[in-house]
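Hi everyone, I'd like to talk about salt bridges today. Have a look at the model on the screen and then we'll go through a few pairs together.

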Amino acid sequence: MKISLTTLCLIATSSVASAVTLLPLQHIQTNRASDHVVFNVEAVTINSPIAHLVSGTTNLTPAATYHYLLKGSGDPFDPNSGRSAVLAVPISPWHPWDMPFTAVALIAETLADTAPGVTLYVGRAQNADLKPRLDDPVLCRAQVTSTSQAQCVIGQDDLTPGWDLWVMAVAPDDAGAQFVANVSTGMVGEFPSAHHGPPITGPEHLDASQAFSLRMNLSAQDCGTQFQSVQRCYGAAIITNREDFYDYHANVAVLPYSEEYRAGGDESSYPVLFGPAMITGQGFDWPPSGLIALQPGESMRRLFLDLPPSASAYDSLAIDTVATGENASASVEFSLVRADFPSASSDAVVAEAPAVSNPAATWSANQQGQVARGVLSHPSAGRWYLVAKNVGSRLASFIIDGIHDTTNADNAINGFGYGATPTIAPGQYFNPQRSGHGISIGRGSDQQVLYWYSYTEDGAPVWYLAQAHAPAADSGWWVAPLSLATWDGQTVQLGTVGAVELVPTAPNKFMFSWQLEGRGGSEAFELVAPNDACPTLDGSKTNLSANWYAPAQPGYGIDVLALSDHQAEVFYLYDSQGQARWVYGVASAAASNASASLDQFSGFCPACAYPGGIIPTHVGTLNLHFADWLSGHMQASITLQPPLSGSWNIDQPMARLTGLTAPCSP
């Protein structure tokens with residue numbers, strides 16, 4: 001994925017003070033079926049504090065592209081002169097579906113191969129025919145040069161309903177010459193009732209003139225499902241206060257962007273996350289896969305699903321696929337290929353499917369938009385790759401439309417995947433070949449909760465939360481939605497950013513597969529240390545390994561791994577913008593009282609190459625007192641270090657949240 005941040009030649013503003021900050025247009029290019037992008041907003045951009053920031057996105061608008069051959073002479077305001085090309089842009093408060101629709105940005109730009117000297121204008125029409133006049137107010141003027149294209153973005157304050165606009169491309173004054181002008185436009189708007197665009201996350205609050213970042217998911221389906229080799233569309237991120245989320249009048253800032261998808265060359269990993277609950281329809285709503293495009297002759301060899309060892313034979317699985325293509329032509333061949341579970345590795349890239357001469361199942365999708373089904377007869381445990389190849393002469397794309405148990409027609413509770421599998425005990429887990437990130441698993445009531453301690457692309461620590469019904473007592477196979485938390489000092493807001501799956505391969509060993517912000521991956525995880533190696537508290541072995549929190553301030557807490565000879569603590573908290581962060585410390589063996597020096601780490605993102613280690617920076621101290629196995633006290637003094645900011649000073653009673661029945665070894 002490529003993003004370029006381009007400052008416009010001229011950004012239009014109204015003649016009065018702007019109520020909505022218009023941020024620079026940002027350009028995104030990607031060839032991945034799903035991906036994400038990080039928008040970095042400079043500190044000087046938004047001058048007012050935002051108490052409870054909420055970021056949303058508009059639906060994407062397919063770009064309208066026009067190709068002109070202009071003459072170098074004549075009156076540009078004469079539609080018959082050939083020197084100019086004009087597009088009318090009516091501004092209406094009503095969407096074609098009769099739903100309230102508010103325009104937040106008009107984007108007009110020239111594309112590649114436009115001749116230098118061509119000038120792009122956006123003006124406000126003062127006549128009913130929407131044609132330019134000499135006395136029309138010009139909101140933007142930008143000229144193509146030998147090194148840059150012309151771009152205009154008109155912000156929300158200048159898109160008042162009834163103030164219709166026009167876009168005009170004008171050739172240079174050069175009699176006898178001709179000039180190519182390729183123009184792309186799009187009107188971006190929002191519905192008052194919701195922001196239906198790509199998922200986006202960001203800070204919970206901001207000080208005035210504070211820099212921040214937004215993270216937005218990308219999908220090849222954003223611009224529609226009728227693929228072309230190159231697709232272009234426009235959208236915008238909306239920044240507002242939580243209390244005014246559905247009131248477009250209260251928008252604080254609009255960040256417009258263009259998204260260009262170029263089909264082909266996608267070598268991403270796409271784990272298909274499913275389990276017994278997904279097959280029976282009891283799971284959460286998470287798509288098996290996005291729309292994946294293939295150029296003629298191209299294959300996708302990193303789309304996979306995992307089946308754990310099971311005491312019972314698996315029912316047969318049916319996998320439904322749907323293919324589409326350019327000009328209603330699609331020809332995709334599918335095959336299912338088994339591989340053993342991979343061992344722990346420092347490489348974040350999932351291996352391709354092995355080359356085999358006799359796949360377990362094959363089928364073809366040749367009819368545009370029709371379901372084509374492949375059946376995997378009583379599969380064995382292991383990693384199953386769904387290999388897709390475009391055998392046609394045109395661009396083709398496909399999706400996994402569903403996975404079904406063919407043996408048990410009702411998908412009942414005794415259907416697919418309910419045989420006993422290896423189990424996964426609560427505790428802390430990691431990949432020994434990619435040490436520096438990890439997860440903790442805990443249980444409470446009928447729920448299982450997972451904390452994933454990881455990093456963003458800039459190395460900053462971040463934690464994610466997954467929670468769902470605990471697996472059956474004789475199984476460790478589990479799938480759950482993945483959330484990112486923000487905190488306002490009182491309450492936690494959770495936003496779904498992906499999903500995770502635990503597929504046990506042996507007791508307390510599993511494949512940890514994930515979909516996160518448009519990316520996917522898989523690693524072999526194992527238990528850091530047995531939870532039942534307990535310390536001594538008041539003369540008795542006591543299991544203190546659990547998630548602990550402050551009942552008076554729910555939203556943050558401590559993951560404790562208390563062993564007989566030392567104690568490790570992951571303190572999960574929030575930075576000055578309310579974003580989820582974590583620090584780590586180790587205390588010497590002292591069950592009732594434990595003191596640890598805390599470090600903030602700079603590390604590697606889930607899909608990033610492993611640098612060989614992580615970099616610690618001292619940030620503070622943590623003192624824990626355990627009154628018994630259920631209660632205690634926490635005291636922390638933490639000052640986060642750049643690139644993070646914020647301090648965390650607490651002195652609170654604490655209570656046990658998970659692991660209420662965890663035993664100790666004799």
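Let's start with Arg-215, which pairs with Glu-517 in a salt bridge, with 2.7 Å between the closest N and O atoms. By salt bridge I mean a side-chain nitrogen of Lys or Arg within 4 Å of a carboxyl oxygen of Asp or Glu. This pair links distant parts of the chain, 302 residues apart: Arg-215 sits in strand S17, and Glu-517 in the loop between strands S36 and S37. Strands here are DSSP runs of E, at least two residues, numbered from the N terminus. Arg-215 and Glu-517 are both buried, and the cut-offs are under 20% relative accessible area for buried, over 50% for exposed, and partly exposed in between, with a 1.4 Å probe and protein chains only.

A quick word on the source: this is a predicted model, where local features need pLDDT of at least 70, side-chain atom pairs count only at pLDDT 80 or more, and totals for chains, interfaces and linings use all residues. Residues are numbered from 1 along each chain as its sequence is written, and side-chain values use heavy atoms, leaving out hydrogens and water.

Okay, next pair: Glu-260 and Arg-232, with closest N and O atoms 2.9 Å apart. Glu-260 is in strand S19 and Arg-232 in strand S18, so this one ties together parts 28 residues apart in sequence. Both residues are buried.

Then there's Arg-302 with Glu-352, at 3.8 Å from N to O. Arg-302 counts as buried because its relative accessibility is 13%, while Glu-352, at 43%, counts as partly exposed.

How values were computed. Helix = DSSP H or I, 4+ residues; strand = E, 2+ residues; numbered from the N terminus.
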